[in-house]
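Work through the exercises below with the model open. Try each task before you read its solution.

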Amino acid sequence: MLVPDLPLRTDRLLLRAFTLDDLAVLRDYRGRPEVTRFLYHEPYDDAAARAAVERMVRRTALRAPGDVLNLALVLAETGEFVGDVLLSWTSGEHRQGEIGYVAHPAHTGRGYVTEGAREMLRLGFDGLGLHRIVGRLDARNAASARVLERLGMRREAHLRENEFVKGEWTDEAVYALLAREWRARPAGA
């Protein structure tokens, strides 16, 4: 079980629980086709954004396998919203998890999502005691693949046309990192 003391702080970010006040910003960035192109959902309209934020505000702890921790990424100095990250506890028996992230397009290319996702790896390995954490993505999403590679994750699979998403068969890439690899990483990585 993991109930983090929120907000979490990294060098430049605060990772905090979502609030209903995040509805407008969530609708803004997840309502853009270029942001949701490689995600499982269509761009959010008002109803979809409301349902998502209502779900996200409850995702503040990992109490049992199947739970999801979903946190807002904001700049520590200004509070400006830069994206969101998640950690799913996918298996208790096998001590498995999965990370995910979505960047606000006004803040891409600055390493914020990598910094936030690294904190989620820390929570998974050091806080929850996971053995293995994966990142799954549409294989066409080169920017997301670069994030996972910067985190030290290894590409383990390229699954051809394994999912039917938004009316088309898509390839999926799977990256992973083991706890012992996390512990062996260079200081500051």
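**Exercise 1. Aromatic rings**

Which residues do ring pairs link into a cluster?

Solution. Ring pairs join Phe18, Tyr29 and Phe81 into a cluster. Two notes on the source come before the details. The model is predicted: local features need pLDDT of at least 70, side-chain atom pairs count only at pLDDT 80 or more, and totals for chains, interfaces and linings use all residues. Residues are numbered from 1 along each chain as its sequence is written, and side-chain values use heavy atoms, with hydrogens and water left out.

Step 1: apply the ring rule. Rings of Phe, Tyr and Trp (its six-membered ring) pair if their centres lie within 6.5 Å; planes under 30 degrees apart count as stacked, over 60 as edge-to-face and the rest as tilted. By this rule the count is four aromatic pairs.

Step 2: take one pair. Phe18 and Phe81 are tilted, at 6.0 Å centre to centre with 55° between the planes. This pair links distant parts of the chain, 63 residues apart. Phe18 is in the loop between β2 (13–17) and α1 (23–30), and Phe81 is in strand β4 (residues 81–91). Helices (H or I, at least four residues) and strands (E, at least two) are DSSP runs, numbered from the N terminus. Both Phe18 and Phe81 are buried. Buried means under 20% relative accessible area, exposed over 50%, and partly exposed in between (1.4 Å probe, protein chains only).

Step 3: classify another pair. The ring centres of Phe164 and Trp169 are 5.1 Å apart and the planes meet at 65°, so this pair is edge-to-face. Phe164 has a relative accessible area of 53%, so Phe164 is exposed.

**Exercise 2. Helix α5**

Where do the buried residues of α5 fall, seen down the axis of the helix?

Solution. Step 1: list them. In α5 (residues 142–150), Ser144, Ala145, Val147 and Leu148 are buried.

Step 1: The buried residues fall within an arc of 155°, so they line one face of the helix. The arc is that of the directions from the helix axis to the C-beta atoms. An α-helix has 3.6 residues a turn, so residues three or four places apart point the same way.

Step 2: name the packing partners. The buried residues of α5 pack against β5 (96–103), α4 (112–127), β6 and β8 (168–178). Contact means heavy atoms within 4.5 Å.

Step 3: look past the end. Gly152 follows α5 and has a positive phi, near 90°.

**Exercise 3. Asp138 and Thr170**

Is Asp138 buried or exposed, and what does Asp138 touch?

Solution. Asp138 lies in strand β6 (residues 132–138). Its relative accessible area is 11%, so Asp138 is buried.

Step 1: list contacts. Leaving out residues up to four places away in sequence, Asp138 touches Phe38, Thr170 and Asp171.

Step 2: The side chains of Asp138 and Arg140 are joined at 2.8 Å. A polar contact is a pair of N or O atoms within 3.5 Å; within protein, one must be able to donate a hydrogen and the other to accept it, and residues adjacent in sequence count only if both atoms are side-chain atoms.

Step 3: turn to Thr170. Thr170 is in β8 and is buried, at 6% relative accessibility.
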